[in-house]
Amino acid sequence: MTAPPIVIDSDTASDDAVAIAMALRHSNADVLAITTVAGNCSVEQATRNALYTAELCHSDVPVFEGSAAPLSVPPEFATWFHGRDGLGDRGYPPPARAAERTDGVTALIDVIRSHPGCTLVTLGPLTNVALALSREPALVGDVGRCVVMGGTNNSVGNVTPAAEFNLWFDPHAARAVFAAGLPIEMAGWDLCRGHAGLTVAEQRELAAASTLGRFFVECNAKAIEAIAEQSGSERLELPDPTAMAVALERDRVVLRSSRHHVEVEAASTLTRGMSVVDSLDVTGRAPNTEVIWEIDVDRFKQMLVDAATA
Ligand SMILES: [Ca+2]
């Protein structure tokens, strides 16, 4: 059966690039568009990185540049994690193609409206999605699935003790999107940790698989250093690819999930961007999110190799 087409919204840096390549090279995926957003790096840099990644995948998928800053807070990029250029500062050449003329928010609205039932995969802060929904609230009904890489499922944060980067970067957008009624499947940062992280041997194997496999590992070189410094782990953790694996092969990849009410904190300084999952239904509020707790790590890793060798 043909899967619904996919729209990717991304603050394209190193793990986004791997996730985008997984979708562009998957045998059963039709990627309609990539919209870019500020987050890991500036939106201009994210656009260049998305175009460069598409080029490496021999794809002419249209790329639309979206929001340059969060709704209500100043942008604070994650260059310490992904490098100044978002791709590990390895001096990759500029892309041959340019972005489309339409802005990312308008493109999100147009593409989703003309493909009802499509799957929206968000790999960055939710600024573009929040703006699209504020302009066109009825868009909610046209999204078949909304797979969000974001949040931490009430567990450890990666940018503050309480929050994961994407939701923290634009907490007001995240709060609005989780409250909007979209069919959200939340792939939190916790999914890429532990055994889902690539061991040094697995990194070597992926890098040796192909030119694209080498790019997957090399553009994450800064991330590998940052992870080691932050948590002492030698593994390469890839948050966006875990979310993309869920988007592309939910039935094979998701081992455990359940529906809950999830609300994002935007007012507090301490817990800004925290995804508060009502896992015991103590509020009695209707579930708005399919929270993913566990993925098939072996299948996820095989999908990375498949993307490199397809
Ligand atoms: Ca991202």
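Which residue in E3 is the bridge partner of Ile34? The bridge partner of Ile34 in E3 is Val63. The structure is a predicted model, in which local features need pLDDT of at least 70 and side-chain atom pairs count only at pLDDT 80 or more, while totals for chains, interfaces and linings use all residues. Residues are numbered from 1 along each chain as its sequence is written. Helices (H or I, at least four residues) and strands (E, at least two) are DSSP runs, numbered from the N terminus.

**The sheet**

- The strands E3-E2-E1-E4-E5-E6-E10-E7, in this order, form an open sheet of 8 strands with mixed pairing; two strands pair if DSSP finds at least two bridges between them.
- E3 and E7 are the edge strands, and each pairs on one side only.
- On average, neighbouring strands of this sheet are turned by 20° against each other, direction ignored.
- In a regular strand the side chains alternate between the two faces of the sheet.

- E1 and E2 run parallel and are joined by 5 bridges, and Ile8 stands opposite Ile34 in E2.
- The chain passes from E1 through H1 to E2 in a right-handed β-α-β crossover. A crossover is right-handed if, with the strands pointing away from the viewer, the path from the first strand over the helix to the second runs clockwise.
- E2 is largely enclosed by the rest of the structure, because 5 of its 6 residues are buried. A residue is buried if 20 or more other C-beta atoms lie within 10 Å of its own, exposed if 12 or fewer, and partly exposed in between, with C-beta atoms placed from the backbone.
- E2 and E3 run parallel and are joined by 3 bridges; Thr36 stands opposite Glu65 in E3.
- A right-handed β-α-β unit is made by E2, H2 and E3.

**Strand E10 and its partners**

- Strand E10 covers residues 289–295, of which 5 of 7 are buried.
- Strand E6 (residues 184–187) pairs with E10 in the parallel sense over 3 bridges, and Glu185 stands opposite Glu290 in E10.
- Strand E7 (residues 254–260) runs antiparallel to E10, and 6 bridges join the two. The bridge partner of Val254 in E10 is Ile295.

**Helices against the sheet**

- Helix H2 (residues 43–56) lies across E1, E2 and E3 and runs at about 175° to E3. Axes are lines fitted to C-alpha atoms, for helices over the stretch in contact, and angles run from 0 to 180 degrees between N-to-C directions.
- Helix H11 (residues 239–248) lies across E1, E4, E5, E6, E7 and E10, and runs at about 155° to E5.
- In helix H4 (residues 104–114), the buried residues are Gly104, Val105, Ala107, Leu108, Val111 and Ile112. Seen down the axis of H4, these buried residues fall within an arc of 160°, so they line one face of the helix; the arc is that of the directions from the helix axis to the C-beta atoms.
- The elements against which the buried residues of H4 pack include strand E1 (6–10), strand E4 (118–122) and helix H5 (127–135).

**The nonpolar core**

- The largest nonpolar core has 108 residues, and Ala23, Val177, Ala243 and Val246 touch the most other members. Such a core is a set of buried Ala, Val, Leu, Ile, Met, Phe, Trp, Tyr and Cys residues joined through C-beta atoms within 7 Å.
- Helix H1 (residues 14–24) gives the largest share of this core, 8 residues.
- Leaving aside neighbours within four places in sequence, the contacts of Val246 include Val147, Glu185, Val254 and Ile295; two residues are in contact if their C-beta atoms, placed from the backbone, lie within 7 Å.

- Asn153 is found in the loop between E5 and helix H6 (165–169), and its phi is near 50°, a positive value in a residue other than glycine. Asn153 is buried because 20 other C-beta atoms lie within 10 Å.
- Asn154 is found in the loop between E5 and H6 and has a positive phi of about 60° although it is not a glycine. Asn154 counts as partly exposed because it has 17 C-beta neighbours inside 10 Å.
- Asn288 is found in the loop between strand E9 (275–277) and E10, and is partly exposed, with 19 other C-beta atoms within 10 Å.
- Not counting residues up to four places away in sequence, Asn288 touches Phe178, Ile184, His261 and Val262.
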